[in-house]
Amino acid sequence: MDYLDQLEAEAIAILREVAGQFEKPALLFSGGKDSITLVRLAEKAFRPGKFPFPLVHVDTGHNFPEVIEFRDKLVEKIGEKLIIGHVQDAIDSGKVIEQKGKNASRNALQTVTLLETIEKNQFDACIGGARRDEEKARAKERIFSVRDEFGQWDPKRQRPELWNTFNGKIHKGENVRVFPISNWTELDVWNYIKRENIEIPSIYYSHEREVIERNGVLMAAHEFLNMDADDIVQTKSVRFRTVGDMTCTAAVESVKTEIDDIILEISQSKISERGARMDDKVSEAAMEDRKKGGYF
Amino acid sequence: MDILKFLTAGSVDDGKSTLIGRLLYDTGSVLADQLEAIQKSNRKNDDGTVDLAILTDGLKAEREQGITIDVAYKYFQTEKRKFIIADTPGHIQYTRNMVTGASNADLAIILIDARKGVIEQTIRHSYLVSLLALEHVVVCVNKMDMVDYSEEVFDKIHADYHTLATKLNIKEVTFIPVSALRGDNIVFNSEAMPWYKGKNLLEHLETVPVHEIDSLLPARMAVQWVVRPQTDALHDYRGYAGRVLSGAFKLGDVVKVYPSGTSSKISKLETFDGDLQIAEEGKSITLHLEGEIDISRGDMIGEIERAPIVASQIEADICWMDTRELDTSATYFIQHQSKVTRCKIKEVLYKVNINTLEKVNADTFGLNDIGRVEIKTADELAFDPYEINKRNGGAIIIDSRTNVTVGALMLRAAL
């Protein structure tokens, strides 16, 4: 079997285990290529039936407009339910306080809204598109990753995961984060998107955009980004390698508009995918710390 | 291109981290930002070169507390294959970690320090490899640079290990003399060992045959989910979703549903991308049967001629993975494929001293203990003996109080 077929078959089996083992699962959908891939895999796992879970989007309010538009079109096309949790609501109610300063981002605030959305809807399993090749904390996370009532990941108390047998038994209040594409790399996802002809938001392809250079990376110049006189706005041909908040997702310079060129560019790139994420540059253990706090 | 999953067995002292680091580094799998982090580090080898072991460094929680967390997965690829490394570090919980890593691996690399030869640890690692029935074993005799790249040293270890492998019934072993530190025979052939005519490690990993559909294995599929759209258009639609565990199903085959024993004919092998004539091992499909049959999650669909063992009294090998000892009076859950039922581990037949391979008497099992037990399950399981078809022979034990996975089972026979 071809490697993409193997990865696909494994991911489908994991999604079906979620359907079989949990009462109220959900698929965390960010509008990025990984969660879009999950949607295709869910179609392969459950059609012609409906998905046994809704899509859940934690909207920071700072998303790329192209991504929100894409999300709504996709949801309409597949005819599945979408639940949106708004970070703005948590800010308005005073549950979280918006960061200040130049590098302010709502990325970290997502966790509160995510946990609230889980609690409100009583989700017992949340499917996410994280991959183990992204980051070393993720390299150690299980495919079925048990979180306590506070959403915390405890790396020391992970269950051993044997064969393809996933233990989803939990106590009330706990939930499981499930990562069906754990064994995929960034390049695998791109090759799969190409093979399956999956539509992705336009910002993954090169386009002209106003950007500023900050901390050695290019950021989209936008009202969500706190800018001052030092920031020089310039127009460049760029594309995005990951899709998160506009305030924490850096662009790469590129003129590539075809998926083959992008795949080639990525396979030759000397910078890891998350090298373009400001949220990981904070410290050596940034991801590990966020996961312990409930981040997905 | 296909995937090879392998695990590396050895301790830090054997240069295991350096070996993995070397593989990643010499295949160009280390990116600039990661490399920059390594070069910035104060950890250097004696000769000032970068310490590649840093590439497998752990989490903050591990560094702070001096512990290691079971399995870390690493990924790289060449033009020939995609590789998934299960890196199982640690001394204390080594057995548990290695069993976990080995359960999903096609191949094991066993590291032997050329200066030490076959030692107790080698026996332990090799026993686990044979217990988990890995198809391929590569013995890397490491630190050849420390023994002047001596062919005699290599030959002696080769002969010693061959004796051990025969005893453990490990069939396919490949021996490669390497120096992970210097990069000899890892990704590049060694100039210092012209006497070695075999493949280097990467060449071997790229070419060893895996995932060839084993047509000798019986067809099995555990039902994970019943697809029932219940819409007007698809009113009578009923599909059984699952993954072909072993063998192959063909359209029109007469199959049985276990444990009930009902038989029916395959009317459709459906996938999102179109219907199939034949569904082979590894494929996730939706299978349709003629007639109305009562099938639910947890059932096993299999061929009639070579039926699985259907039993509720089972003999099995167990690896205990919890700090809390096995309680032979307690009720646990057993999960075999998509089936979960209650069970009791009624009897401990013996424990294995994995350093000497002796069977010893025991009443219970503690963390990392391995041995043979008798199990009674509430519902019948439809399984194959692990040594014949490991794809349908493994199961896990779950503590019903904590919900934690506390044991790995290799099912052997009905009692």
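**Close-up views of a predicted two-chain model**

**Figure 1. Domain division of chain A.** Chain A is divided into domain 1 (3-188 + 285-292) and domain 2 (201-279). The model shown here and in the other views is predicted. Between the C-alpha centres of domain 1 of chain A and domain 2 of chain A the separation is 24 Å. Their contact draws 23 residues from domain 1 of chain A and 20 residues from domain 2 of chain A. On the side of domain 1 of chain A that touches domain 2 of chain A, the elements giving two or more residues are α3 (65-78) and α7 (186-196) of chain A. The most, 3 residues, is given to this side by α3(A). Sorted by class, this side of domain 1 of chain A has 6 nonpolar, 10 polar and 7 charged residues.

**Figure 2. Packing of helices α1 and α2 of chain A.** Helix α1(A) packs against helix α2 (residues 33-46) of chain A at an angle of about 70°, and their axes are 9 Å apart. Because the angle falls within the range of 65 to 115 degrees, α1(A) is roughly perpendicular to α2(A). From α1(A), the residues making the contact are A:E8, A:A11, A:I12, A:L15 and A:R16, and from α2(A) they are A:L41, A:A42, A:K44 and A:A45. By class, this contact of α1(A) with α2(A) has 6 nonpolar and 3 charged residues, and no polar residues.

**Figure 3. The largest nonpolar core.** This core has 182 residues. Those with the most contacts inside the core are A:L15 and A:L27 of chain A, together with B:F6, B:A102, B:A108 and B:C140 of chain B. Helix α1 (residues 3-21) of chain A gives the most to this core, with 11 residues. A:L15 is also one of the residues through which α1(A) contacts α2(A).

**Figure 4. Surroundings of B:A102.** B:A102 is among the residues with the most contacts inside the largest nonpolar core. Apart from neighbours within four places in sequence, the residues in contact with B:A102 are B:L7, B:A108, B:L128, B:V129, B:L132 and B:L134. One of these partners, B:A108, is likewise listed among the residues with the most contacts in the core.

**Figure 5. Contact between chain B and chain A.** In this view, 49 residues of chain B are in contact with 44 residues of chain A. Strand β2 (residues 72-77) of chain B supplies the largest share of the side of chain B that touches chain A, namely 4 residues. The class composition of this side of chain B is 25 nonpolar, 13 polar and 11 charged residues.

Notes: Residues numbered from 1 in each chain as written. Chains lettered and ligands numbered in written order. Predicted model: local features only at pLDDT ≥ 70, side-chain atom pairs only at ≥ 80, totals over all residues. Core = buried A, V, L, I, M, F, W, Y, C linked by C-beta atoms within 7 Å. Buried ≥ 20, exposed ≤ 12 C-beta atoms within 10 Å, placed from the backbone. Contact = placed C-beta atoms within 7 Å. Nonpolar A, V, L, I, M, F, W, Y, C, P; charged D, E, K, R; others polar. Domains from an automatic or database assignment. Axes fitted to C-alpha atoms, helices over the stretch in contact; angles between N-to-C directions. Parallel < 35°, antiparallel > 145°, perpendicular 65-115°, else oblique.
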